[in-house]
Amino acid sequence: MKHLAIIPGDGIGKEVIEAGLEVFDAVAEISTFDYDGELFDIGADRYLRTGELLTDEDIDGLRKKDAIFFGAIGDPKVRPGILEQGVLLKMRAVFDQYINMRPVTSWFPFVPLKREVPFNMTFLRENTEDFYMGAGGRFGPSFGGKNVSLKVKRELYELEVDMKADPSNDDDFAFEIGFLSKKGITRFADYACRFAMARGDDKITLVDKSNVITHMYGMQRDIFREKADQYGLELEFMFVDAMAMAMVVRPETFGTVAVPNLFGDILTDLGAQLQGGLGMGCSGNINPEGLSMFEPIHGSAPDIAGRGIANPIAAILAGQMLLEDQGYPGEGKLIHNAVTECLRENKTTPDLGGKMTTEQVGKAIADKIREGKSR
Ligand SMILES: NC(=O)c1ccc[n+]([C@@H]2O[C@H](COP(=O)([O-])OP(=O)(O)OC[C@H]3O[C@@H](n4cnc5c(N)ncnc54)[C@H](O)[C@@H]3O)[C@@H](O)[C@H]2O)c1
């Protein structure tokens, strides 16, 4: 029995999670997978009622679970950034979910590329370091002083940096520092190698910009080289600009792709579009030794919330990732096959050209699983 935390969140998050649970129920009916779900009221409604974001009590409750199934967060009544930082980013940090995993699969006929070549990439984005450390500042006459003190805190370490700036003129300056740590890269590389082996890949592609950002990405290459050797995997290096092009021109040549935080953020949105749009993209925020969270990559979509037309497939595929992560790869495959069949029969919501509601698509996928047609 798996104990799941269910956080529907806001807007269409609530609608797509309901469809995802219908699919979990179907899987549970016909397989050895079983679960109980505890609903967590975290999101805009509670924030507007009580001012609470992610409380200590939430964290204690979540910690007792095997995994989190998350909808989406965000509401026009709340200033942008409050919920995203106070709930989503905080959750990733508290549970040290250091891998962001995003599959990029050719869901025909929704792939916008001219060439109809099947592809199946999985992006592993490092989720805690690089240029997303909040380590930056401004100095100069408008900001007072030339000394800059930085402090970053991560699960692996705390880091304090003091700098004395001495510009040759009295201009204002702004800066943002990226950090990578040996421990951080090592656990990332380790995970990427284990993942590639489990996927049956003999190669990992490491994306960076080490021809310009030489120190950080140079160290990253050294550690990945060592790890790939240890695991007997081939290691391919791609610069991020070339990778953006290659994803469009020859996506079928990539399997496991490891990418640092900032470039990963950008490339995975390109990936989402390559596979048919936001309604198809799912992701996992993974701590391989701890609590992981699975979610569609889209937001709460206030423009369509409440109309019952949100595409639930991204959330349902996030459910597939959750099952695979929890040791149910066969059950994950049932979901994948059922989605494939429904897409083939055009049982889809309007964003994919269909006429069905969120609930109907969820039910159609669940029915395929129940009928056993997808096996
Ligand atoms: N992980 C998250 O919870 C997350 C991610 C992104 C944005 N957000 C938040 O969501 C809110 C809305 O942000 P946004 O509009 O920029 O992004 P969004 O992903 O919510 O929507 C972007 C566009 O895509 C459409 N869309 C998204 N998901 C869809 C689906 N499943 N089916 C059909 N159409 C879909 C929407 O209707 C909208 O036109 C904001 O508050 C934002 O901060 C949250």
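Strand 13 (residues 282–286) sits largely enclosed by the rest of the structure, because 5 of its 5 residues are buried. Buried here means that 20 or more other C-beta atoms lie within 10 Å of a residue's own; exposed means 12 or fewer, partly exposed is anything in between, and the C-beta atoms are placed from the backbone. Strands are DSSP runs of E with at least two residues, helices are runs of H or I with at least four, and both are numbered from the N terminus. Both faces of strand 13 are covered: on one side Cys-282, Gly-284 and Ile-286 are buried, and on the other so are Ser-283 and Asn-285.

This is a predicted model, in which local features need pLDDT of at least 70, side-chain atom pairs count only at pLDDT 80 or more, and totals for chains, interfaces and linings use all residues. Residue numbers start from 1 along each chain, following the sequence as written.

Strand 13 has partners too, where pairing takes at least two bridges found by DSSP between two strands. Strand 4 is joined to strand 13 by 3 bridges, and the two run antiparallel. Across this pairing, Met-101 stands opposite Gly-284 in strand 13. Strand 14 (residues 292–296) is also antiparallel to strand 13, with 4 bridges between them. One of the partners here is Pro-296 in strand 14, which is bridged to Cys-282. A hairpin of 5 residues links strand 13 to strand 14.

Now for the whole chain. It holds 11 helices and 14 strands. Its radius of gyration, taken over C-alpha atoms, is 22 Å, close to the 21 Å that the globule rule gives for 375 residues, so the chain is as compact as a globular protein of that length. The rule itself is just 2.2 Å times the number of residues to the power 0.38. Along its principal axes, the C-alpha trace spans about 70 × 50 × 40 Å. Buried residues account for 42% of the 375. Among contacts between residues at least 6 apart in sequence, 77% join residues at least 24 apart. Two residues are in contact when their C-beta atoms, placed from the backbone, lie within 7 Å.

The chain is split into domain 1 (1–99 + 278–375), domain 2 (112–132 + 178–274) and domain 3 (136–176), with bounds that come from an automatic or database domain assignment. The centres of domain 1 and domain 2, taken over C-alpha atoms, are 25 Å apart. Where these two touch, domain 1 gives 9 residues and domain 2 gives 8. On the domain 1 side, 5 are nonpolar, 3 are polar and 1 is charged. In this scheme Ala, Val, Leu, Ile, Met, Phe, Trp, Tyr, Cys and Pro count as nonpolar, Asp, Glu, Lys and Arg as charged, and the others, Gly among them, as polar.

Then there is the ligand. Around it lie 22 residues, of which Gly-74, His-298, Gly-299, Ala-301 and Asn-311 come nearest. Helix 1 (12–30) and helix 4 (82–94) are the elements that give two or more residues to this shell. By class, the shell has 12 nonpolar, 6 polar and 4 charged residues.

Helix 8 (residues 261–274) includes Asn-261, which is partly exposed, with 18 other C-beta atoms within 10 Å. Leaving aside residues up to four places away in sequence, Asn-261 touches Arg-125, Glu-126, Asn-127, Glu-129, Asp-130, Phe-131 and Tyr-132.

Most residues other than glycine have a negative phi, and most peptide bonds are trans. Asp-130, not a glycine, has a positive phi of about 70 degrees; Asp-130 is in the loop between strand 5 and strand 6 (136–139) and counts as buried, with 24 C-beta neighbours inside 10 Å. Asn-346 has a positive phi of about 55 degrees, yet Asn-346 is exposed, with 12 other C-beta atoms within 10 Å. The peptide bond from Phe-108 to Pro-109 is cis, with omega near 5 degrees.

Conventions
Near = placed C-beta within 6 Å.
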